[in-house]
Amino acid sequence: MLGDSSKAQEVFHTTLREAANRAAQGELPKESFWLFRDARWRCLEATKTDLQPEALKLDEHDVTPQAAAQIEQLKPTQLAVWISGAPDPQRTALALFYLDEFDYNEILDLAELKLSELSRFLARGRRQLQAWLDAKHPEQGTV
Amino acid sequence: MRMLRLLRRQRALLNCAPISQDRLADRTMRAAVSRADDSDEFVNQQSFDRAVAALVRLIPIPPETAEWFSEREVDLEKDGTEPRRPCD
């Protein structure tokens with residue numbers, strides 16, 4: 001979500017600290033995933049004062065059979081930075097989806113999105129990432 | 001009109017199709033995936049998604065954060081055998 005491990009750490013610890021305080025006072029919310037929702041808002045808050053991604057029209061390419069090999073060439077941190085550079089709520093959608101921890105109904109609930117929105121953000125994200133991969137590793141894009 | 005809406009919903013479901021089979025949450029998603037299972041487009045999407053998810057699992061967790069998880073959880077993370085839910 002943040003593309004910055006020190007900020008992520010700060011958000012993580014603040015979220016846990018706040019949860020511990022609420023638990024001590026017997027005020028833990030009953031809704032599922034409240035902790036993740038809370039962490040998400042803290043992430044968004046933490047990036048509020050950062051430079052925001054410009055509303056540029058990024059290139060989009062169809063996902064190719066070579067994509068998996070191209071993705072393997074990436075460093076994990078490059079991917080983290082790429083995802084964190086997406087405008088929200090697309091960033092939230094991509095981060096939650098690729099954590100591979102939630103089903104789509106849970107993501108809709110957590111990110112407060114409609115199915116059509118989540119679908120659009122993921123489809124566009126794939127196509128944008130594929131275009132970026134093709135630009136980074138053009139020799140593999142057309143094999 | 002109704003048919004068009006159904007097709008659009010099926011397309012939307014496929015775009016959100018889970019990376020792991022055990023997250024095929026409901027009947028409508030299972031039905032949409034089973035109808036698209038053989039299409040090249042969906043096969044490409046699934047292999048793309050699996051590769052991205054595998055890379056996400058490799059994003060390092062800072063030691064100060066990892067210490068909040070049990071050693072077993074962190075080891076399983078490194079093996080890629082167990083998913084995680086941090087906020088980074």
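This is a predicted model: local features need pLDDT of at least 70, side-chain atom pairs count only at pLDDT 80 or more; totals for chains, interfaces and linings use all residues.
Me: How do you know what confidence the predictor places in chain A?
Reply: On the scale from 0 to 100, chain A averages a pLDDT of 86, and 92% of its residues score at least 70.

Me: Which elements of chain A have the lowest and the highest mean pLDDT?
Reply: The lowest mean, 65, belongs to helix α8 (residues 138-141) of chain A, and the highest, 95, to helix α7 (residues 115-136) of chain A.

Me: What makes domain 1 and domain 2 of chain A separate entries?
Reply: The domain assignment gives residues 1-50 of chain A as domain 1 and residues 57-143 as domain 2. Their centres, taken over C-alpha atoms, are separated by 24 Å.

Me: Why are residues of domain 1 and domain 2 of chain A said to be in contact?
Reply: Contact requires C-beta atoms, placed from the backbone, within 7 Å; eight residues from domain 1 of chain A and 11 residues from domain 2 of chain A therefore count as the contact. The side of domain 1 that touches domain 2 has five nonpolar, one polar and two charged residues.

Me: How many residues of chain B and chain A are in contact?
Reply: By the 7 Å criterion, 31 residues of chain B contact 38 residues of chain A.

Me: Which helix of chain B gives the most to the side that touches chain A?
Reply: That helix is α3(B), with nine residues. Helices α1 (2-15), α3 (40-57) and α4 (63-66) of chain B each supply at least two residues.

Me: What classes do the residues on this side of chain B divide into?
Reply: They divide into 20 nonpolar, six polar and five charged residues.

Methods. Residues are numbered from 1 along each chain as its sequence is written. Chains are lettered from A and ligands numbered from 1 in the order in which they are written. Helices (H or I, at least four residues) and strands (E, at least two) are DSSP runs, numbered from the N terminus. Domain bounds come from an automatic or database domain assignment. Two residues are in contact if their C-beta atoms, placed from the backbone, lie within 7 Å. Ala, Val, Leu, Ile, Met, Phe, Trp, Tyr, Cys and Pro count as nonpolar, Asp, Glu, Lys and Arg as charged, and the others, Gly among them, as polar.
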